[in-house]
Amino acid sequence: MRSTLVSQFGDPRQVIALVDAERVAPGPGEVEVLLSLAAINPSDLIPVTGAYSARTTLPFVPGFEGIGRIARVGAGVTTLKPGDRVIPIGASGLWQEYLVRPAAWCFSVPDDIDDRQAATSYVNPLTAIRLIEALKAHFGSIAGRWIGVTAAGSAIGGMLMQLIAGEGARPVGIVRSQRSAERLASGAPGEVVVADQDIIPSPLAFDAILDAVGGPFAGDLIGQTLQPGAAFIQYGALSGVPVPIQAIQARPDVRFSFLWLRTWVHAAGRPAIEEAFAESFAGLRTGLFSTRIARTYPLSRLDEALTHQEDPKRDGKLLLDTRC
């Protein structure tokens, strides 16, 4: 079968190889999924660079998000059958043609959700849902609060702006370019500010920040914009650099936390995950969690897809058709 493989850390365009791999029969409690579409997310590529090398074992197949149909079931599997559409989660490995995964980690997709929607129904929607729940756990209610969202021009940034406004709070999207600001302002509620060259415009005062960037920019936001008693929740590190520890230590009046979807998924239990997926599917039906798809590439043209992924003018998410 067609697959990808990372045998060393480095530039994803250099170290992700296309390979021929052997299909493995599902064992007891397992299913084999014939994958159809897989998303390309920053969370897929950052481990490839070695940023999380302490918890990433080589070699591995990238890809955390996608959809497929059950091809074969192992002994004892009664909840799924060949032909069922599922979203397999719990580990990487979706950038390949076939995937064997425990049936307990495969979640059924409603008939009215098409493959393109389903292929982006996991990482961003469930992360956004968890972030809003974390804010509400901190404040009780976030109504009337000013909430900053970094990398707000991203797919999840737009989702967060919508969710924050829906809770009666005041979202402020923080972007790096005027182009991103114009695109975000046309489709998202709240205010949008441009931090060109990482210079933070003033005055900004937030009750909370949801950060996907990290690095010195996040440190500046912590020092310059957070109100006493604020919350800073990091859920990504697009900069590839940690938030400076000095910035955190300088604000003992701020509650800092980190939300990694994979950690929650492995601790939450299946009923909670099913509930989160139900909320994601509902958001897809209303358009709340809809994701703009820039292009779908055959897996065999992965190099082109990864080059497009790095294009600053890319307008939307990229998908991989793992069947060709």
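Leaving aside neighbours within four places in sequence, which residues is Q309 in contact with? They are I40, L45, R314 and L318, where contact means heavy atoms within 4.5 Å.

The model is predicted, so that local features need pLDDT of at least 70 and side-chain atom pairs count only at pLDDT 80 or more, whereas totals for chains, interfaces and linings use all residues. Residues are numbered from 1 along each chain as its sequence is written, and side-chain values use heavy atoms, with hydrogens and water left out.

View 1. Q309 is buried, with a relative accessible area of 8% (buried means under 20%, with a 1.4 Å probe and protein chains only). Helices are DSSP runs of H or I with at least four residues, strands are runs of E with at least two, and both are numbered from the N terminus.

**View 2. Strand β5 (residues 85-88), covered on both faces.** R85 and I87 on one side, and V86 and P88 on the other, are all buried. Strand β5 runs antiparallel to β4 (residues 66-73), joined by 2 bridges, and antiparallel to β7 (residues 106-108), joined by 3 bridges; pairing requires at least two DSSP bridges. V86 is the bridge partner of G68, while I87 stands opposite F107 in β7.

**View 3. The ring pair of F107 and F277.** Among 5 aromatic pairs in the structure, this one has ring centres 5.3 Å apart and planes at 35°, so the pair is tilted (centres within 6.5 Å; under 30 degrees stacked, over 60 edge-to-face, the rest tilted). Both residues are buried, and ring pairs link F107, Y122, F277 and F281 into a cluster.

Technical notes. Buried < 20%, exposed > 50% of the residue type's maximum accessible area, 1.4 Å probe, protein only. Phe/Tyr/Trp six-rings, centres within 6.5 Å; stacked < 30°, edge-to-face > 60°.
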